[in-house]
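Work through the exercises below with the model open. Each task is followed by its solution.

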Amino acid sequence: MGKRNKRFGTDKAAIPDEIFSNGPLHVARFGNQVVLASNRTEKQHDELLTKLAARYTTVVQEIDDLVCRIISAVSVLPPDQLLVRAWHENFMSSQHIKVEVDITEDDAIALRMIDYVQSVIAAAPRGDAQKTELTDDDWSDLRLNVAALFRKLNFEYPSCSTAHRKAEGTVYDDAMELFFVRAQMHWCNVRGDNYQVHQADLIADLLRNQSKLIEAAYGITSDVLTAEIRKIWRSLTFGFHEAMTSVRQIHAEVMAEVDRMENQKDMVYEFESPSDLIHEVTSRLGHQDTLHQSMDALFGNTGLFDLCKITNLPTAFLEDFSWAPGQETNFLADGEFKGWPFRIQPIFRRPFLKFNDTYYCFELHSLFDNFYRQLEKQIFQRSGSEKQEWIRKRKEMSEELPVDYFTRLLPGATVLREVYYPVVSESGSKKNFAETDCIIAYDDHLFIIEVKAGAFTYTSPASDLPAYVKSLQALVGAPSKQGQRFLNYLEGSEEVEIFDEQRQRVGTLRRGDYRSKTICTVTLDSFTELAAQVQHLHKIGIDVADEPIWSLSLSDLQVYSDIFAGPLDFLHYVEQRMRAAQSEKLQLDDELDHLGLYLEHNNYAMHADELSNNAGRLQFNGYRSAIDAYFSEKLIGSENPSLPTQEVPPRLREIINLLTHQNLPHRSRIASFLLDFDGDWRFNLSKWIDEELAVIPERGRCLPLSTVGNIRLTIFVNIEGIVELSHERATEHTQVAMIVTGESDRTLLELTYGPTGPTRVTMSTVSLLGLSHEQHERLRANAANLKEKRLTRFVANFGKIGRNDHCPCGSGKKFKQCCMP
């Protein structure tokens, strides 16, 4: 049986769902993808730049004026009332947010009313005329100014500043300018390096071997510290809901007791008022303290945020991580960007606020995004020996955690740590030894892992772009070159030796054993908006490996270890991810955009190539939504969170599960071959297997499925004890199909089923090489018979064959060019 097919993509040009034009701007939407194009002439573009450059000075002054108004207002308003209201507004604003694309501009401003306003409180000297109450008008005015500030920074300032630099002759080249603006916008707006469900776990992992140093600094172990930080996380994540639930439960119990007392006339009339009765019952049932705490959390100024109430953190720790109002001196110091979010905001350095001898925390992202590095800085300041001990322990943990995550994804993988290998010196006169941090092998995949524990620059790109570029070179460029060096060593011979730190031989690696070899650079810090575009970093002068590399953070690995159904699914994603790493069309903002695109489009690099036929810049939106929704469900403790996966029909899923459990060589190659198919092909194949399994017992044989087109595939289904075609006969049939189509090779897939599902899966490549003349002649005769049978069957089922139809014989040619008389 022949079948035309395609593996992925479409034979036709993509047609947009919507087209929008406004002057020279043209937008085309293809599902979740948007193609942006501008038809401005060079003259129109120059005129626009002139107008924008002329606006630059005015825009800067308008931003400075907004900052001054914000500082003036914040300096006289009560800090605790201001941030409590900001937290409650942000909490209510975020209730509708399940996935990132749900976030509106108002939602973003609600978060800025916490982190940016707290930074201003920390830096602004307190005004003379302090207000004791925060009025609605005070709040409204401040919010309008903060919204106006970020709107101007995000929309008008970037274009005006670029035009200004062009006019001044200080502009970077186009690639560096784009990088600069994107880095500024990310610095200014993006918070949350991890999903909330992972925030505390990653901190606990990173600190678990630093207990001695933490105890010396603060008198508590790392386990105690992370447990106390989890209390903050829980209070700000679930505290309001838990308090509301507690009040409802207490109310129900108290009122049930009151009703019982009234029905039995049990001392009810001894109380002067119903409130006295309720108070007495609440106290008698032992709920008084719990009710007080819950009401404070719901309506008070301290219940959820007072760190002395919700944690047992030592005062020394709280002092090191808190600012008092007006204490910080850099954010509002004179100079460029005074008070702008482009500077290092005080909340990045110290996430807590000290006010009236009480310590508060109002914002989790600023706490967790910066906590590890800020704790590290505190240890560094204690002594040089403690700094070196921290760095040594950090290196150990940074090399251990990626292996932990990879082995969750690839259970049973072979792990080789600190692999040494000989390299020829530049002079070529002698051999030195180089090290790669880790080698992980699973089936025919090899991961060359280089880990960098150093910190990404803490300076703002607006004030020190060269530091950003230098960090990328250190954390991505250098390790990618190290990985490339080992790959060159491996590819240099059929078999290479590897050594330990003492230069003792520990084994060999054969390059032919590995179908896929991936250079993977892993960092502690998350800078996924840059790492996700690693294939473009050469445009800004970053010297990366010649081979495609995969740059990701520990946070990304955490996500992957939660998402993938099994090791073979993960390895297929890695193959598609590395194809995407070679694409100039894909410019994504996050590593998880790659995952989202893969889940939706499979070979998403090819999908981007198809869309790129429409001129313009591609923008992919909303592809992380299923991933966001999954982790939102996990956060709230859903019993069955909806795991985001590709659609794999049951017959293919059971084949992949069998391959995983049997642990046979080359299982990844078979799984990837099947998973490379697009959705329609997957479901058609699954349906065909179902149909064959149903009719084979009655028919007594399998009618193989042979494809025609860009996949050269023949599939046989066997049933144990009923129909079991030998491999030799299956191979011969495949060779006959090859002669019909004029192919040089073809893939043969043999599936054997038992009563409960598949029991054996084999895949081989069939060719005509090495056959005798007699064998060739016999195959040609069989091929002629096969073509005749196919033609006869087609006419019997469908009638006359059109001259421009594809020939039913399976050659892939038109009928008039093939079997037409």
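**Exercise 1.** Which residue in E6 does Trp323 stand opposite?

*Solution.* This is a predicted model, where local features need pLDDT of at least 70, side-chain atom pairs count only at pLDDT 80 or more, and totals for chains, interfaces and linings use all residues. Residues are numbered from 1 along each chain as its sequence is written, and side-chain values use heavy atoms, without hydrogens and water. Trp323 faces Leu353 in E6. Strands (E, at least two residues) and helices (H or I, at least four) are DSSP runs, numbered from the N terminus.

**Exercise 2.** In what order do the 3 strands of this open sheet run?

*Solution.* The order is E5-E6-E7, with mixed pairing. E5 (322-323) and E7 (358-360) are the edge strands, each pairing on one side only. Strands pair if DSSP finds at least two bridges between them. E5 and E6 (residues 352-355) are parallel over 2 bridges.

**Exercise 3.** Why is H19 described as largely enclosed by the rest of the structure?

*Solution.* Take burial: 13 of its 14 residues are buried, so the rest of the structure largely encloses H19. Buried means under 20% relative accessible area (1.4 Å probe, protein chains only). Now check length. H19 covers residues 567-580 and should span 20 Å at 1.5 Å a residue. The expected span is 1.5 Å times one less than the number of residues. The end C-alpha atoms of H19 are 20 Å apart, which agrees.

Key
Buried < 20%, exposed > 50% of the residue type's maximum accessible area, 1.4 Å probe, protein only.
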